[in-house]
Amino acid sequence: MTDIFFYIFSIVALAGAFGVVISRNTVNGAMCLIVTFLSMSALFVLLEAYFLAVIQVLVYAGAVMVLFLFIIMLLDVEESAARKTSVYTWAASVIAFGILIVGVVAIYSADSIRTKAESLPEASGASLKAFGYELFTTYLLPMQLTGFLLLIAMIGVIALSKKAKVDS
Amino acid sequence: MPTEIYQKIAETNTWGAIAPELALAILALSLLVLEIVLPKVAHGVIPRVAILGQLGILAYVFTTTCAGTCVTGEAFGGMLSFDNTGQLFRMFFLVTSVFVSYLGMVSLENKTLPQVEYFHILLVITAALMLLAQASHFVMLFVALETATVGFYILVSYFRNQVVSLEAGLKYLIMGALSSTILLFGIVLLYGAGSNPALAGSSLDPLNFGNLGVFLSANSSDSLALIGMLLVISGVAFKIGAFPFQIWIPDVYQGAPTPTTALLAVASKGAGFAMLMRLADLFSPLGEWMYPLLSTLAVLTILFGNLAALTQRNLKRLLGLSGVSHAGFLLIGVVAARSVEWASTAVMFYLFAYLLASAAVFAVMVHLGKDDDSDLTLDDLGDLAHKNGFLGMALAVGIGSLAGIPPLAGFIGKLLIFVAAFEAELYGLLAVAVIGVVVSIYYYFGILKSAFFEVWRFQDDDEETPEEPVPGASLRFFGKVAIVLAVAGTIVLGFYQNPLSSLLGG
């Protein structure tokens with residue numbers, strides 16, 4: 001049963017990804033990306049990483065995509081005309097695809113990678129409760145520092161974009 | 001839920017051990033409060049508060065080192081580990097930050113730009129870099145690095161009314177994001193390799209340096225770990241501007257406001273080497289692969305930095321490229337530290353010498369009085385020595401120390417690195433380094449030549465010559481003290497290394 005769902009969601013995710021690359025209309029591309037994100041979160045559910053699945057929907061399919069759509073709207077991107085792909089682009093994509101295939105084969109054929117799922121320890125971030133405990137004990141200092149990261153990012157945006165003071 | 005484990009971890013959250021960083025963060029926040037509370041006329045006092053506060057923290061860090069009361073060992077569940085090197089890097093970043101605050105104070109004067117935010121972000125960056133130098137866990141390392149990098153993005157594009165500054169900010173944003181991605185991918189691969197229960201020495205928390213070290217010495221030829229190491233080193237090489245990753249340096253250095261350029265040149269490089277020294281220790285089981293890699297990087301970096309700087313006329317690009325070659329010399333020190341124990345001390349000494357010399361040179365640059373500081377060329381230095389002897393002298397000492405002219409601190413720094421390389425039998429690297437030094441003399445003396453000797457310039461009598469800026473017009477008592485300190489430090493360390501070396505050794 002799980003296998004069937006896995007294949008269904010994988011195919012949907014791949015189809016969405018193809019849609020992003022192929023579609024000429026940027027808004028359609030963004031919508032295809034949402035499809036990919038949603039089916040990837042379904043894959044996370046199948047792996048019993050529920051928290052990751054929720055985060056995937058909330059952050060990626062929600063916040064990040066809204067940001068993308070805002071930018072597309074603000075920039076008012078027109079439908080890009082069909083352009084001739086240059087030789088370099090072709091060569092680069094073929095090489096990249098080749099490297100990707102080699103990587104997948106290497107990972108799949110390496111003995112050390114194949115570990116029985118039962119023997120794997122439970123990840124500490126799998127459940128929300130364990131995640132919370134970890135976040136506020138082990139990772140307390142990095143979390144506090146992240147707060148400062150967000151603070152200076154916010155202050156920086158204001159400093160770089162607010163209207164210049166005119167001294168009278 | 002076994003909460004006892006978490007309780008035990010929470011008990012290691014000893015906030016007192018990171019008092020300097022906390023104090024910096026509080027100081028940064030209080031600057032913002034001061035801006036709201038104080039009347040507008042008194043806003044000029046805020047940068048001074050920032051500088052004095054940092055000096056106080058510096059004094060505190062200094063006393064905890066000398067009295068031998070500095071905290072050692074791990075804290076925060078293995079996130080941080082304190083040692084003497086970390087303490088020294090704390091001082092290094094604080095001194096850098098004090099100088100940059102001063103430079104910022106001068107160059108933000110009379111500009112219609114937000115002022116206080118610059119110092120706020122600068123202090124947060126400094127605190128993050130101080131934590132970075134003491135991180136012993138990849139999560140901590142990455143978060144601290146990102147905090148500092150986000151701050152750098154803002155400070156690089158801070159002169160937003162100048163197109164070059166914005167362009168530099170954008171370039172740095174893209175390059176920085178790319179390097180962070182590479183670093184993060186490397187960390188993820190290390191995590192994947194180190195948490196595989198099928199392998200010996202694996203652990204549940206392989207991002208901890210201690211655990212990862214155990215894993216790496218048990219599996220020194222694991223291909224996943226090797227690729228991870230390669231990517232992590234590449235990410236760090238971006239920060240220090242080592243050869244294949246140096247492309248961002250000239251443009252970003254040129255476009256950034258001068259104080260930010262100084263911060264990038266000194267603090268960013270220092271942070272890179274703080275990371276690299278810890279990581280070289282961690283990855284030493286993979287040394288068979290890592291040290292040849294680092295040696296190749298060092299050779300290419302020295303050659304590229306020096307050859308590319310030869311034809312530069314723009315002062316900031318020139319200093320950026322010379323910084324690339326300095327990174328090469330420091331890399332030799334890191335490689336030598338494999339077999340010579342005191343080589344890491346030599347790297348620290350070199351960094352301090354580089355800090356003092358750069359402080360002097362950049363201080364001269366902000367006092368040249370040119371409005372648009374991105375296109376300072378060698379011609380702008382014309383007759384500096386006649387127009388303002390004090391600045392001319394400071395420039396001579398700073399550049400001399402960067403070039404490695406005896407008896408200045410830069411010479412001793414280079415000498416220590418060379419002796420370490422000689423003891424480690426790295427003759428090939430040593431030969432390249434000597435060639436690099438010889439080549440570098442040419443462009444460093446080009447700077448001095450244009451500052452000290454009169455250059456004939458074409459004068460068109462029909463055309464109104466624009467009024468030339470007076471160098472040193474913005475120089476006040478505070479600035480003189482700062483420059484004198486940097487120059488005196490450079491000269492004293494050249495003759496008498498005891499104070500610093502006892503700190504380094506102790």
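**Close-up 1. Helices α12 and α18 of chain B, packed together in a predicted model.** Here α12(B) covers residues 287-309 and α18(B) covers residues 427-452. Their axes sit 9 Å apart, and the angle between them is about 15°. Angles under 35 degrees count as roughly parallel, so that's what we call α12(B) and α18(B). As α12(B) passes α18(B), the crossing is left-handed.

**Close-up 2. Who touches whom between α12(B) and α18(B).** On the α12(B) side, look for Ser295(B), Ala298(B), Val299(B), Ile302(B), Leu303(B), Asn306(B), Leu307(B) and Ala309(B). Facing them from α18(B) are Leu429(B), Val432(B), Ala433(B), Gly436(B), Val439(B), Ser440(B) and Tyr443(B). Sort this contact by class and you get eleven nonpolar residues, four polar ones and no charged ones.

**Close-up 3. Helices α1 and α2 of chain A, crossing at roughly 160°.** Now hop over to chain A, where α1(A) spans residues 2-22 and α2(A) spans residues 26-46. The two axes come within 8 Å. An angle over 145 degrees counts as roughly antiparallel, so α1(A) and α2(A) get that label. Their crossing is left-handed.

**Close-up 4. The residues that bring α1(A) and α2(A) into contact.** From α1(A), the contact includes Phe5(A), Phe6(A), Phe9(A), Gly16(A) and Gly19(A). Among the partners on α2(A) are Cys32(A), Leu33(A), Met40(A), Leu43(A) and Leu46(A).

Notes
Residues are numbered from 1 along each chain as its sequence is written. Chains are lettered from A and ligands numbered from 1 in the order in which they are written. This is a predicted model: local features need pLDDT of at least 70, side-chain atom pairs count only at pLDDT 80 or more; totals for chains, interfaces and linings use all residues. Axes are lines fitted to C-alpha atoms, for helices over the stretch in contact, and angles run from 0 to 180 degrees between N-to-C directions. Helices (H or I, at least four residues) and strands (E, at least two) are DSSP runs, numbered from the N terminus. Angles under 35 degrees count as roughly parallel, over 145 as roughly antiparallel, 65 to 115 as roughly perpendicular and the rest as oblique. A crossing is left-handed if the near helix is turned anticlockwise from the far one by less than a right angle, and right-handed if clockwise. Two residues are in contact if their C-beta atoms, placed from the backbone, lie within 7 Å. Ala, Val, Leu, Ile, Met, Phe, Trp, Tyr, Cys and Pro count as nonpolar, Asp, Glu, Lys and Arg as charged, and the others, Gly among them, as polar.
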